[in-house]
Amino acid sequence: MQRPMDATGNRASVVIKLHQTVNESNSSPSNPATDHSQRKCDANEITEQIPLAANPSILLHLLSSYELEPNDLAALEGTCKFFRSPANFEPDAALSLPELAALDTCCQKAMFKSMKHEEKEKLKQRCGGSWKLVLGYLLVGERNYRREKSQVIAGLGHSIVVTTKGDVYSFGANRSGQLGLGNTKDQFEPCLIRSLQGIRITQAAVGSRQTMLVTDTGSVYKFGQDAFGDLESSGTGTYTSSPKLLESLKGIFVVQASIGGKFSAVLSREGQVYTFSWGREARLGHASELTDVEPRLLSGPLENALVVQIAAGYCYLLMLAYQPTGMSVYSVGCGQGGKLGHGDKRNLVIPALVQHFHAQDVKPLSIYAGAFHCAALALDGRVFTWGWSGHGCLGHGNVGECVCLPTEVEDLKYVKARHLSAGDYTTFVVADNGDVYFFGSGTSLLVQADGVEKDTVLTPKLATSIVALNEKIAQISATHAWDYQGLASAHHTLVLTESGRLYSFGGGEKGQLGVKLVEGQEGRSTLDRVDIDGLA
């Protein structure tokens, strides 16, 4: 049996129709320069009677408004001379219509629109010299960590939800102020962080008693435990209960944050990675203590790479680097269990390329860091896992063994995946046909696999309670922080649908499910709706 092929979607149909319409047009092209004022025309004014080839401004409007993929725009150039020719539009008369459409789409993105002209041109060259490639770089971030989209993040006992408008809701455990509400009271229903009103949040990261929020202007707010060293003490340590701007990142336009068990990391707009804490013995390429709060630029081969995604595990960091010919995975930190993916269990003090993907001709698309295991989604929809296999979280049918190289999950060979979630010995896989699979520690999350709650799920099984929703899943977030205090009831899962509905299940005695459980109940296996507006 072969892996199913993608069906032609609406955007691909638009490309085909545009190509056919232009080729069939008998009208002579007008001077594009005279049509420049029409570039902002209303789509309702476009009718079938308008010869599109004679109106490049309308074509440009269509190409931009349909949000075509970079490869679709490239296909237009490759199959039609009209789309390869200079369009004679500002800001560069030499650019083709597809290139202009890519530039227009880039300018709609928060992280791009604020860049100076010189910065945009530099990014273009780093991406390969094309605006289509720059658009591809921007879209990877939107897809892999839902930048500028609604998103849900399950922490260790608390939850963070970001709406499409950039508002933030929090609920659950709040001992260290990790909900950002200005107090330390646990919350059993979603609470809007009002101190952030007027500030648009585009991405969020959650750790154990810590939260970081990234704004559309590249700033970062943090609340909860102040330092990682405090997390290992018996007390609560020092904390901040209201969002506090990280002044140490001033001058760095941040697009993503990720929190591990002993350190946190941020990714800049320019594709550079900075880490906080846990550099002792040069674990992350620099010398610092757990209490260090200064960002340190990762050294080594990544200095000249264009990193597009980061994923922090308990004691290691994965990075996805963007290249015109495909993407590459790098790793750094603790190598115990083989979770760095280099075929051994050595620690790495500077990032190194995970060469196994290239050796197997696999093109990684996105990366996911569990507490002690890793997962990657390939461009063709295959799923790869490696690291510790506790509770069967790698999906290879074994427990307790280490897998030191990225290995395809054989039982998903005929499944085309489009989204993954790696937690604390748990893994979810969302397929393009709507199915959701689970493997790993079922007890900690109260997951129903093939209709039954199991302590250990060694190979992918249908997550029947999620599939029963009969909705297209946009994101699944399972607690990925290691439960160092042994509180099984702290683990939970959030499920966000394409229609904007939020569901939760798992441990919930601290309120992290968004509802207050009955007395004596520690969690639930059924999915219940959590009412928050603005997630669609």
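Reply: A cavity is a set of grid points where a 1.4 Å probe fits but cannot get out, and a volume is the space filled by probe spheres set on the points. The model under discussion is predicted. In these terms, the second largest cavity has a volume of about 40 Å³.

Me: How many cavities of 30 Å³ or more are found in the whole structure?

Reply: The second largest cavity, at about 40 Å³, is one of them. With the whole structure searched at a threshold of 30 Å³ or more, the number of cavities is four.

Me: What is the volume of the largest cavity, and which residues are closest to its centre?

Reply: The volume of the largest cavity is about 560 Å³. Its lining is made up of 31 residues, and those closest to the centre are Asn144, Ile153, Tyr368, Gln475 and Ser477.

Me: Which helix supplies at least two residues of the lining of the largest cavity?

Reply: Several strands each supply at least two lining residues, among them β1 (151-154), β5 (201-207), β17 (364-369) and β27 (473-478). The helix that does so is α8 (131-145).

Me: How many charged residues does the lining of the largest cavity have?

Reply: The lining of the largest cavity has 19 nonpolar and eleven polar residues. Its charged residues number one.

Me: How many charged residues are in the lining of the second largest cavity?

Reply: Among the residues lining the second largest cavity are Arg147, Glu148 and Asp216. Asp, Glu, Lys and Arg count as charged. The lining divides into six nonpolar and two polar residues, with the charged ones numbering three.

Me: Which elements each supply at least two residues of the lining of the second largest cavity?

Reply: The lining includes Ala110 and Met111, Val214 and Thr215, and Val254 and Val255. The elements in question are α6 (110-113), β6 (210-215) and β9.

Me: Why is valine 452 classed as partly exposed?

Reply: Valine 452 lies in strand β25 (residues 452-453). Buried means under 20% relative accessible area and exposed means over 50%, with partly exposed in between. Valine 452 is therefore partly exposed, because its relative accessible area is 43%.

Me: What percentage of the residues of the protein count as buried?

Reply: The protein has twelve helices and 30 strands, and it exposes about 21,700 Å², of which carbon and sulfur atoms supply 48%. Of its 536 residues, the share that counts as buried is 58%.

Note on methods:
Residues are numbered from 1 along each chain as its sequence is written. This is a predicted model: local features need pLDDT of at least 70, side-chain atom pairs count only at pLDDT 80 or more; totals for chains, interfaces and linings use all residues. Side-chain values use heavy atoms; hydrogens and water are left out. On a 1 Å grid over the protein atoms alone, a cavity is a set of points where a 1.4 Å probe fits but cannot get out, and a pocket is an open set with protein on both sides within 12 Å along at least five of seven lines; lining residues have an atom within 4 Å of a point. Helices (H or I, at least four residues) and strands (E, at least two) are DSSP runs, numbered from the N terminus. Buried means under 20% relative accessible area, exposed over 50%, partly exposed in between (1.4 Å probe, protein chains only). Accessible areas come from the Shrake-Rupley method with a 1.4 Å probe; for residues, only the protein chains shown count as cover.
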